Amino acid sequence: MVGDDPRVRELLDRSMNMRVGTLSGGGVPHLTPLRFVHDGRAIYTLTRAASPVAGHVAQRPGVVLLFDAERTGPEAPVLRMRAQATIRDEPDLRRWYERRAAVKYFLRPTGIWNMLTHWRNLPTWLRRRRSATADDMMALIELVPETAELVAGPS
Amino acid sequence: MAPATRRVEPDDVRDLLAAPPRANLAFRRGDTVEAAPVAFRHDGGRYWVGVPRFGEGAPVGPGEVVKLVIDDGVWFFDLRGVWVRGRTVPAEPVPDGAPASLVWYEIVPDKTVAWDYGTLRTVGDHGR
């Protein structure tokens, strides 16, 4: 991973969501919140293959990533990374991502509680999830950071 | 199979727009994309962003196409937010109470999308 600054690593480890900035083929800027996992070298995210992010990075792989470790406000630093994106289609890598994401987002007391308290939505969630998996409609994107900087929130 | 959606109207997340935990803006810088946290105000369906100054200017100019994202939540069914794509217009006057240290723009939307995963449903469940 870029840089050995412990603050960079801490922000990355503590963040649950990131915001991914991309440019469309026509040059229009986009920004999308996405979930992610990282392995110390690269960051991975899974999104619909038909999503703007997947389409954009196939044409323009240079992206910008924002992480705030879910701490916000003028005093909270934001980690901004520039990265190169690649769509990866290896089944083993996809399975690795799914396991890591399940541990990070679902197999925790708060994650389980969040599911239980929305039990009415679970059938729709399961149908949506099965549909995406069965039709292989998702794109796994690998993001290899090139630079990292801490920026202050607006004040 | 009927599709699922988590789309809502921006007015459904007005409490988030009134006090957003974060606001981030994407814009172009040459041939690359740039993104940064910004200050945000919302009033009467209008969107303003405050961008930090860099020297004498701001990283975003008037008339630029930008995308603003307001989002909140950690766990799946808590995720919600709004994005606004539009052009920047210098804010005159700046919103009440807006820090003068920032450069303020109103974003004139050409598209606005809101979502709330807590409302995840099959399309048609609630008549929309």
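A:Ala54 counts as buried because 20 C-beta neighbours lie inside 10 Å; in the terms used here, a residue is buried with 20 or more other C-beta atoms within 10 Å of its own, exposed with 12 or fewer, and partly exposed in between, the C-beta atoms being placed from the backbone. The model is a predicted one, in which local features need pLDDT of at least 70 and side-chain atom pairs count only at pLDDT 80 or more, while totals for chains, interfaces and linings use all residues. Residues are numbered from 1 along each chain as its sequence is written, and chains are lettered from A and ligands numbered from 1 in the order in which they are written.

A:Ala54 belongs to helix 2 of chain A, residues 52–59. Helices (DSSP runs of H or I, at least four residues) and strands (runs of E, at least two) are numbered from the N terminus. Apart from neighbours within four places in sequence, A:Ala54 has contacts with A:Thr47, A:Arg48, A:Ala49, A:Ile87, A:Ala139 and A:Ile141, a contact being a pair of residues whose C-beta atoms, placed from the backbone, lie within 7 Å.

Strand 1 of chain A, residues 17–23, has seven of its seven residues buried, so it is largely enclosed by the rest of the structure. The cover extends to both faces: A:Asn17, A:Arg19, A:Gly21 and A:Leu23 are buried on one side, and A:Met18, A:Val20 and A:Thr22 on the other. Seven bridges connect strand 1 to strand 2 (residues 29–35) of chain A in the antiparallel sense, and A:Val20 stands opposite A:Thr32 of strand 2. These two strands form a hairpin with five residues between them, and in the turn A:Gly27 has a positive phi of about 90°. Strand 1 is also joined to strand 5 of chain A, again antiparallel, by three bridges, and here A:Gly21 is opposite A:Val64.

Further along the sheet, strand 6 of chain A and strand 7 (residues 138–151) of chain A are antiparallel partners over 11 bridges. A:Arg80 has A:Glu149 of strand 7 as its bridge partner.

The loop between strand 5 (62–67) and strand 6 (78–88) of chain A contains A:Ala69, a residue other than glycine with a positive phi, near 55°. A:Glu70, in the loop between strand 5 and strand 6 of chain A, likewise is not a glycine and has a positive phi of about 60°. A:Ala69 is partly exposed, with 18 other C-beta atoms within 10 Å, and A:Glu70 is partly exposed with 15.

Chain A as a whole has five helices and seven strands, which run α-β-β-β-β-α-β-β-α-α-α-β from the N terminus on. Buried residues account for 32% of its 155 residues. Of the contacts in chain A between residues at least 6 apart in sequence, 70% join residues at least 24 apart. The C-alpha atoms fill a box of roughly 40 × 35 × 30 Å along the principal axes.

Turning to the neighbouring chain, 35 residues of chain B are in contact with 34 residues of chain A. On the chain B side, the elements that give two or more residues are strand 3 (23–29), strand 4 (32–37), strand 6 (46–52), strand 7 (65–72) and strand 10 (121–122) of chain B. Strand 4 of chain B gives the most, with six residues.

Conventions. Contact = placed C-beta atoms within 7 Å. Pairing = 2+ DSSP bridges.
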